[in-house]
Amino acid sequence: MGMPEDAVDAINDVSGRHPGHRAAHAKGTLVSGSFTATPEGSRLTRAAHMRGEPVRATVRFSNGGGDPGRPDYAREGRGMAVKLYLPDGSRTDMVALSLPAFFVRTPEDFIEFTRLRKPDPETGKPDMQRMGPWLGDHPEAGPAIQASLAAEPPASYAQVAYNGIHAFRWTSADGEGRWVRFSWQPAAGEAALDGGQARELGADYLQTEIHERIGREPVAFRLVVRIAAEGDPLDDPTAIWPDDRETVEAGRLELTGQDSERERGGDILVFDPTRVTDGIELSEDPILNFRPRAYSVSIERRAGASDRP
Ligand code: HEM
């Protein structure tokens, strides 16, 4: 298996090393609110945050890249990381991307693909002579690459749909299990800008807009889960399940303010997609199971960074 250090080094080689920042999703902003499951969601899993009582949430919206100075109008995937505070004092995290699928199926492919993405110092672009053949051998990367190349900058972090991408097994109170994939659907609808419009709004427009919006009106997302049918791939984050699968509206996230508690005074905030709770289980997806190891490398590096306030 590829080593987590190699994965983070490869990301650093694309985006640069930025002490004190996340290796990926370096630029982002924190908000807070609460999540409430629907009765239909409660029927699918006995998980503590899915019982219908509101639970507190910390949410971090981000741009996918590892350079915290990259302008918000750049074309890239966006992230939404949700931490829910459970009644027993534990937490669960739900980490999602604006892409419909991931680029690769294995950590080794991630490392290889990321190394190939490194811009050539002369042209500022990836070396297509090497990337081309790799893409030919890896058609599964197509949907994620096409989506990220086509993605216009969003009008707002509140107007993006974010996908959990991996499959998780949800088990109900009476022990019935189903494989699901979740997404956060924006109540305000999806909206994008063309590059020129976004540029006029400035390099940090997404960071400021979300707070202004929350000050003005409620910002909400619907949690929608798609249920696997027999034979749908459970361990392949590049494979999109067909649109006609049953979906359930499982909950609603309402964002109401700034998060004033986390990432202050040296607090290290970590979102880990494998931090699940009873009633939700991980699939054997190699990418899902590799992520916490790679995140730990990034977390150790950013927590130990000498320029941290
Ligand atoms: C092998 C695959 C992947 C690698 C190596 C990787 C690497 C990383 C790293 C190093 C970080 C920074 C962690 C930190 O310092 O806290 C990060 C953050 C993040 N990743 Fe990934 N990632 C991978 C796959 C994914 C996938 C499949 C998703 C979505 C389903 C995703 C969504 C995110 C998000 C939203 C964040 C930001 C979390 C935050 O705001 O703290 N990543 N990733």
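1. The model is predicted, so local features need pLDDT of at least 70 and side-chain atom pairs count only at pLDDT 80 or more, while totals for chains, interfaces and linings use all residues. Residues are numbered from 1 along each chain as its sequence is written, and side-chain values use heavy atoms, with hydrogens and water left out.

2. The ligand is surrounded by 25 residues, a residue being counted if one of its heavy atoms lies within 4 Å; the closest are Arg 22, Arg 60, Tyr 295, Ser 298 and Arg 302. By class, the shell divides into 16 nonpolar, five polar and four charged residues, where Ala, Val, Leu, Ile, Met, Phe, Trp, Tyr, Cys and Pro count as nonpolar, Asp, Glu, Lys and Arg as charged, and the others, Gly among them, as polar.

3. Polar side-chain atoms of Arg 22 and of Arg 302 each lie 2.6 Å from an oxygen atom of the ligand, whereas an N or O atom in the side chain of Tyr 295 is 2.7 Å from a ligand nitrogen. Helix 8 (286-303) is one of the elements that give two or more residues to the shell, and its eight residues form the largest share.

4. Helix 3 (residues 107-117) and helix 4 (residues 128-137) pack at about 150°, with axes 9 Å apart, and are therefore roughly antiparallel (angles over 145 degrees). The contact (heavy atoms within 4.5 Å) involves residues including Phe 113 and Leu 116 of helix 3 and Met 131 and Trp 134 of helix 4.

Conventions. A polar contact is a pair of N or O atoms within 3.5 Å; within protein, one must be able to donate a hydrogen and the other to accept it, and residues adjacent in sequence count only if both atoms are side-chain atoms. Helices (H or I, at least four residues) and strands (E, at least two) are DSSP runs, numbered from the N terminus. Axes are lines fitted to C-alpha atoms, for helices over the stretch in contact, and angles run from 0 to 180 degrees between N-to-C directions. Angles under 35 degrees count as roughly parallel, over 145 as roughly antiparallel, 65 to 115 as roughly perpendicular and the rest as oblique.
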